Amino acid sequence: MRRFRDFSNEDAAEGGIDMSPMIDCVFILLIFFIVTTTFVEETGVDVDKPQAAAGVSLQKNSVMFALTAEGEVYFDSKPVGIAAVRSIVARKMLKEKQPVIVQADQAASAGMLTRVIDQCKLGNAPTVSIATRKAGS
């Protein structure tokens, strides 16, 4: 016969904090933030954009090309050349009509920039814009 009661099992059950609901909430929040996050798409090439005082912000979902000072055209960090611009834009426009943004280096030739814009228009781009820096920055 036992004289003393064993309280050790009851104390452990009452004194502990159940962490599983909190972990569930953290995972739900994590999934929410991953799903709702939009990622900034860059061209992968560092270009020196010209300044403009009348610049406006454009949509985040857009097709972006980069034109370097040497006249190379980049899309998704890969050199594509002027010949591929039209087909890339046409393929993107089949899924969804998006604006096209050309990040042209300040030292790029105007003729090459005109050719890139022309190829974008021939690929059925609704709008073609040139990326600039805000004046004073």
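Which residues of α3 are buried? I shall take that question as the way into this structure, which is a predicted model.

The buried residues of α3 are V85, I88, V89 and M93. Viewed down the helix axis, they fall within an arc of 130°, and they therefore line one face of α3. The face turned away from that buried side carries L94 and K95, which are exposed. As for their partners, the buried residues of α3 pack against β2, β3, β5 and α4.

Let me turn to the sheet. Five strands make up an open sheet with mixed pairing, in the order β4-β3-β2-β5-β6. At its edges stand β4 (78-79) and β6 (128-130); each has a single partner strand, so one side of each lacks a neighbour in the sheet. The strands β5 and β6 run parallel and are joined by three bridges, and V100 stands opposite V128 in β6. Against this sheet packs α3, touching β2, β3 and β5, with its direction at about 165° to that of β2. The helix α4 also packs on the sheet, where it touches β2, β3, β5 and β6; its direction makes about 155° with that of β6.

Finally, the core. The largest nonpolar core has 19 residues, and those with the most contacts inside it are F65, L67, V73, V89, V100, V116 and C120. At least two residues of this core come from each of β2 (63-67), β3 (73-75), α3 (85-95), β5 (100-104) and α4 (110-122). Consider V73: beyond its neighbours within four places in sequence, its contacts include F65, L67, I82, V85, M112 and V116.

Technical notes: Residues are numbered from 1 along each chain as its sequence is written. This is a predicted model: local features need pLDDT of at least 70, side-chain atom pairs count only at pLDDT 80 or more; totals for chains, interfaces and linings use all residues. Side-chain values use heavy atoms; hydrogens and water are left out. A nonpolar core is a set of buried Ala, Val, Leu, Ile, Met, Phe, Trp, Tyr and Cys residues joined through side-chain atoms within 4.5 Å. Buried means under 20% relative accessible area, exposed over 50%, partly exposed in between (1.4 Å probe, protein chains only). Helices (H or I, at least four residues) and strands (E, at least two) are DSSP runs, numbered from the N terminus. Contact means heavy atoms within 4.5 Å. Two strands pair if DSSP finds at least two bridges between them. Axes are lines fitted to C-alpha atoms, for helices over the stretch in contact, and angles run from 0 to 180 degrees between N-to-C directions. The arc is that of the directions from the helix axis to the C-beta atoms.
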